[in-house]
Amino acid sequence: MAGSQWELPPELCCRPMAFVALTGLDVVYNAVHRAIWDAFCANRRADRVPISFKVLPGDHEYPKCRTKRTSYEWYIPKGILKTSWMNKHLNLVPALVVLFYELDWDDPQWKEKQSECATKVEIVRTSLQGRNTKVAVVLIQKKTPLPPGEDLVASERASALCNACDLSGKSLFVLPHTDHLVGYIIRLENAFYEHAQTYYYTEIRRVKSHKEFLNKTTHQLLFVRHQFKIAFFSELKQDTQNALKYYRTAYSLVHELRAHETNMLEIKALAGFINYKICRLCFQHNTPLDAIAQFRKHMDLCKKKIGSAELAFEHSAWMSKQFQSFGELFDEAIKLGLTAIQTQNPGFYYQQAACYSQDRKQLAQQLCQTGVSYPSADPLDTQSGGLDFYGQRSWRQGHQSIDPPDAEKEKMGILALQIKERDVPHSELIIALLSNAVAQFKKYKCPRMKSHLMVQMGEEYYHAKDYTKALKLLDYVMCDYRTERWWALLTAILSTALRCAYLMASVKDYVIYSMELLGRASTLNEEQKSRIEKNLFKVLMNEVPEAEPECDSSTVGSARSLWADRVALSGSNELTIEVQEYIPFIQCKARFQSPSFHVDQPIQLQVFLRADCPHPVSFNKLTVSLSNQEYNQWCAVESSGQESLTLVPGKTKCYNFSFVAKTEDVGKKVEMTGIEMMLGSDSGRCVFLSWRGAGGDAASAQEALQASRLSRRWGRSIETRQQPDWDSLTLQHSTMIISRVPKISVQLSHQSPALTNEMYCIRLTVQSHEEAVAKDVKLTAGLKPGQDANLGQATHVTLDDSVICDDSAPALLADVPLGDLKPGEKLERCVYVKCVSTGPRLFLFHVAYNIDTAVEGQQIICRCHKDETVTIETVVPFEVSVKFVSTKFEPLDQVVVDIPFLLMTDILSSSPWPLLLSSSSLQLLTVTSNTPQPESQLQQVVLQTGESASECFCLRCPSGTNSTNTVATGQYLITWRRKSSSSESPLIQSAVTLPHIILEQVPVYIHADLPSFGRVRESLPVRYHIENRTTLVQEVEIAVEPSDAFMFSGLKQVRLLVLPGTEQHMLYNYYPLMAGYQTLPHLNISLPRCPTSNILTLRRFLPQRIFVKPQGRQPDDASIAAA
Amino acid sequence: MAVCIAAFAKENYPLYIRSVPTQNELKFHYTVHTSLDVVEEKISAVGKSLGDQRELYLGLLYPTEDYKVYGYVTNSKVKFVIVVDSSNTSLRDNEIRSMFRKLHNSFTDVMCNPFYNPGDPIQSKAFNGIVSGMMVQTG
C-alpha cells in the first residue's frame, strides 16, 4: 500500500473497548455454547456496554508479564511507545477471563465436577501469572434457578465452589440455559463490564505509581509513555474526560522532549498519535472548536520540525497525513451530526494535505537522485519484520543518543529511504486528496475553491501523464474562469491544456487552445503568441508543430511520433469548431443594416472580422447561414486564386452582402443562424470556425456593455469617428421583411359625430401615385378588430345606401374588390356605418393591391397595402321627453277612464348637424286617440342644435278597461334624417316607448261648460254637468261658496239624486266684478253615499279660474281724433 | 504589511491585482479568486438580515496555512481583498480596516476621474501608489 509508512496504526484509530476473554465454550461442536456466544456478539448496538469479547481455549497462553521493576535508577528507555503495546491491551491481555462450565446445583457428580472446575480456574490463573486480570466463573445450568435464598443446596454449594476456586462470590455467575438467554447475557455482560472497569482502574493506579521512581534527566521518554498509557487505559475504561486530560498532558510532555535529528521522527510520530486521540475525543465530546484549536497548535508546533534535510520529504508526507487524518475525523463528526460552515470544513484540511503532498513530491524529485542502486544489505530490514518502537529508524532501533551510532549505516539507510520514496505514486495521492477536498467544497458552497482544486487536479494528472483526464478537468473549469473574466488564470489553465493537447497530439484540442491563447483574453506576451500562432499555422498546413517549451523533454519524443502518425493519416482533415463559447483570436460580429427591409429593397448584411493575433491571418471562405437557406448563396465569399482573404491584426475588416428577399417572406423574419469561416486549405487541413447567430463570443457581451458606458459618457464624439469602434459594434441577428411602401393615398371624409342608428356615410377616396397599374385593389373596411366585443354587435357596415341596413350586416367588410387602378387614377367609395350604441369606435380602412416592380433587375410582384384608421364618436341625435297632462294642462299622475287627456311630446335636438323630422306618429296600446285622424304636427320640421319640437295628442282611455294597474300606452315613432343628406337617402325611424300610466275609475264625473272668457259686469253663464258612472243611484250635494269677484244666480245649495248612467245639469249665471284672472266661486261637492271617493278628484275636473276682461268701451271718435 | 492587494468589479472580475513580486503571482490570483466564495456568501447573508445597514468591512475571510485573507465590499459591490502573511501577527484588525478605508478612498478618486470608464482595469498611478505603500517592501 502506497505511503503505508505514514498511515496511523489501526489500533490507534479504533475506539478502545474493554477486552473480555471467554473460555470453556466449545462454539464449534456444542449448540448451547454456540447460542451463548452468538448472544454475546450479535446485535452489539450502542445501548450494549462497550466490550470486545473473544473466545479463547481454556489453556490459552496470555502474553507474559515481565518482572516488575523495583528501581528505575539504571534504566534507560529505548523509545517512547512500543509498537506492540496498544494491540496487546486491546486484543491480547484481557481485563477479565470468564470460565464457562456446565454444572447444575443438583448434579449427581457434584464433587468431581467442582474439583474439575477448580482445576480449570487454576490453569487460567497460572497463564495470567503476574497480571491483575480478574477471573470469573459462569455455570451453565439446565434448570431455571429458584429465587435467591430459597434454594439452600444452591447457596451452600455455591459458597463451596467459591472456596474451591478461590473466587469471591461476586465472580460466580449462573447462566440458566432457558428461553430468556439474551436477557441473562445482557445482565452477565453488565457484570463483566464492572469487573473490567475495576481492572483498568487498577492498571491506571499501577502506571501512576511508577511516577515517583522517575527522574527528569534520563526518563523523559517514560513520562510521555506513562501519560499515554494512563490515557489509553482511561479510554478502555470509557472515561473519556480523563483520557482527554491525560492525552493533553502527554502532548505537552512530548514537546518538552529534547529533539534532535535522530529522534525527530519518533517525537513527531507520537505527537501525531496523541494529537489524533485528542482531536478524536474533542469531536466525540462535541467540542469541535477545541479539536480545531488543538490541531492548529499541533501544526504550529510541528511545522518547523523538519528533521533530516535529506529526508525532508518525510516531513511533508507526515504533515500531509496529519491534515488528512484531521480532515477525516472532521468529516466523520459531520456524518454524526456536527454542522460545518463554509470557512471551516474538512475540505480545507484535505486541501492542505494535498498541498503538503505536492511539497513531498517536489522534495522527492529534488532529493532522490536516480541511477543509484539499492544497498545490498537492506538497512530497512529488521529481524522481526517491524519496529519495536513507533517512529524509529530500523537500522538503529532503541538508540537515543544525539548522533547516529554508525555514519555509514545512516547513509545507507537514508539512501534506501530515498530510493523507496522514488517509487511512491505521488500524483495518485495528491489527486485522491484533492478530489476529497473538491467533494467537501462542493458541499459547502465554494464554487471557486472547487474550480481551483480541479485545476490542481488537472495539473497533477498532467504530471502523471494522464492527459485525457487532465484535459477533461481543465476543460470543465475553464468556462467558469471565462465567465468570471479572470484572464490571467484562464491563460494559465489554457497553457497547461495546450501542453496536454500537444503531448497527446489531439489536433482539435490543440487548435482550440491555441486559438484562445492567441485571443484577446490571453495574457501571454507577443513573443509567446507569435510562437503559438506559428505552430497553429503548421497544424493547418498539416505539419508537426514545435513542442511547447515547458514540456518535459522525455515526453516530447513520444509526442513527436504521435504527431507524425497523425499527419501521415489521410482523410478526416476537416474539423469544425464551435467558437462561441470561447474567446477565439478571430472575432466576428455580423449585423443586418437595418432591423427591417421593404421587400423591394435589397437586404444588406455586414460581417465584421478582426484578428487579435500578432501575425496576419488569411482564410479561404466566409459563409453566413440564414434561416431561409435559399439566401445563403448570396452570403458567401471565397478566396480566388491569388487574391486571398486576409485579416491584419488590430484592423477591422467588413464584408458586405446583399440579396433580394422573396415576396413569400413578407412579414417574416430572416435570421442569421450561423457564420462559418474556413481556415487552412483543402490540401492541408481545414478548420471551420463556426459562430452561432450573428457571432460574438464569451467576452463580447461585457465588452459591448463597457463600450456603451463609455459612449454614454462621451456622448456623440464616438459616433462621429471614422472607423467604427469594434466593441460598440452591435449585433443585429435578424431583420424583418416588410411589404413595399404603398404609393397610393387614401383619404376619408365624413361629418362626425355619427348619430345613433343613422347610416353614417364615410367617403373614401383612393388615388394611385404608382407608375404602374395597381391591380386587384381590395378594400377592407369596418370596425378595427381587437376592440370591445360588444361594439361588434352594435356596429354594422354596408356599401348599400338605399335601405337602412339590418342586424345581419357585418361589423367589418373584408376584401371588397375595387378593380384595377391606373396611374394617377382616383376612386371613390362611400361606406355606410350604422352605430346602434353611443361611444367612440375605431374604424379601419385597408386598401391592398398588387404591383409589378423590379429590384436590382429582378421582376417581382409586390403586394402593398395602406391602412387608414379613424375614430368616430357616436351620439344620440335628439332627446325625447313625453308627459301626460289633463285637458287643463295639469300634470297627471293617474288617468281616469273614459275621460280625455293629453300626451305632450318634446324632441330636443342634441345633434351638431341640423335634423329634418320627416314625420311622427303614435302607435297606441290600451288608449285611443280622442281625435279621429291625428296628424303629425312635425312634418318637415328642421331642428338646429338645441332646438326642440313639441307635439300634443288628445287621448282617451276607453271605458270598460277596468284595470287599476299600470298599463303600457305604446310607442312614439319619429322618422328623420340629416338635413344635409340627399333626399333619396333612407329615413331613419326612431321609436320612443311611451311611459306607462295608472288607470283610475271615478263614480261621478263632473265638468263644466263655460265661455273662454268673461267680461266685467256681463253675465257669464256656466253649466255644470254631473254624470253618474256607477250602476247605483248617486246622491250629490252641491254648495256654491260666495266669492268677492263674482255675483251669481242659481241654486246656492242643493241636494240631488242622479240615476245610473244619466246626468244632471246645473246652470249658474256668474256676474264678474273684477277684471283679470279670477278664481271661480268654489263648488263644494260631496257624495254622501260614497264617502270614500275623493272630493278633490272631482274638483280636479272643474275649471278653477277664468280670465275676465275689463268692461268694453264704445269706440270713441273724439278720442281717436285727439290721438 | 500586505503581500497581495486586489480589487474586483461587481461582476467579480479583477479590476486590479498586485502581489509581492518575490512569490508566485498565479498563486495569489487563485487565493484572491477563491476568497470571493466567502465574500459572496457574506454579502448574501448580510443582505437578508440588515438590508443596506451593512458594515463594509467583512473581516477575516478565511485563513490558509500561509496567508490571512481580509475582505471589504463597497456599497456598489466593488470588492477589495488584502492578503497578509500568516506569520505577520503584529497587524491588528484596526490597521487592516484603515488600509481598506484608504483603498476605498483612493478607488473613489479613480472613479471620479472623467477619463476612467467604470469596469475597466484600474491603471491609476495614485491608486498604485497607495497600494505600494501598503505592500510589503521587498529589497
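Analyst: A salt bridge is a side-chain nitrogen of Lys or Arg within 4 Å of a carboxyl oxygen of Asp or Glu. The structure is a predicted model, in which local features need pLDDT of at least 70 and side-chain atom pairs count only at pLDDT 80 or more, while totals for chains, interfaces and linings use all residues. Residues are numbered from 1 along each chain as its sequence is written, chains are lettered from A and ligands numbered from 1 in the order in which they are written, and side-chain values use heavy atoms without hydrogens or water.

User: What makes the contact of Asp697(A) with Arg520(A) a salt bridge?

Analyst: The closest N and O atoms of Asp697(A) and Arg520(A) are 2.9 Å apart, and this lies within the 4 Å limit, so the pair qualifies. A search over all chains finds 43 salt bridges in the whole structure.

User: Why is the pair of Asp697(A) and Arg520(A) said to tie together parts of the chain?

Analyst: Asp697(A) sits in the loop between strand S15 (686-692) and helix H21 (700-714) of chain A, and Arg520(A) in the loop between helix H18 (507-518) and helix H19 (526-540), so the pair ties together parts that are 177 residues apart in sequence. Helices (H or I, at least four residues) and strands (E, at least two) are DSSP runs, numbered from the N terminus.

User: Does Asp697(A) count as buried or exposed, and on what value?

Analyst: The relative accessibility of Asp697(A) is 9%. Buried means under 20% relative accessible area, exposed over 50% and partly exposed in between (1.4 Å probe, protein chains only), so Asp697(A) is buried.

User: How do Asp898(A), Arg956(A), Glu1027(A) and Arg1029(A) come to be joined?

Analyst: One of the bridges is that of Glu1027(A) with Arg1029(A), whose closest N and O atoms are 3.6 Å apart. Arg1029(A) is partly exposed at 28%. Salt bridges that share partners join Asp898(A), Arg956(A), Glu1027(A) and Arg1029(A) into one network.

User: Which residues make up the contact between chain B and chain A, and how many are there from each?

Analyst: Contact means heavy atoms within 4.5 Å; by that rule, 28 residues come from chain B and 30 from chain A. Tyr30(B), His33(B) and Glu65(B) supply 29% of the area that chain B buries against chain A, more than any other three residues. The area buried between the two chains is about 2700 Å², with carbon and sulfur atoms giving 55%; buried area is the accessible area (1.4 Å probe) that two parts lose on being put together, summed over both.

User: How many salt bridges does the rule find across the interface of chain B and chain A?

Analyst: The rule finds two. Among them is the bridge of Glu41(B) with Lys445(A), with the closest N and O atoms 3.5 Å apart.

User: Why does Ser734(A) count as buried, and where is it placed?

Analyst: Its relative accessibility is 8%, so Ser734(A) counts as buried. Ser734(A) belongs to strand S16 (residues 734-738) of chain A. Leaving aside neighbours within four places in sequence, Ser734(A) touches Phe592(A), Pro595(A), Lys669(A), Val670(A) and Glu671(A).

User: What makes Lys668(A) partly exposed?

Analyst: Its relative accessibility is 44%, which places Lys668(A) in the partly exposed class. Lys668(A) occupies the loop between strand S13 (652-660) and strand S14 (669-679) of chain A. Leaving aside neighbours within four places in sequence, Lys668(A) is in contact with Thr735(A), Met736(A) and Ile737(A). Lys668(A) and Thr735(A) are 67 residues apart in sequence, and their C-alpha atoms are 8.6 Å apart in space.
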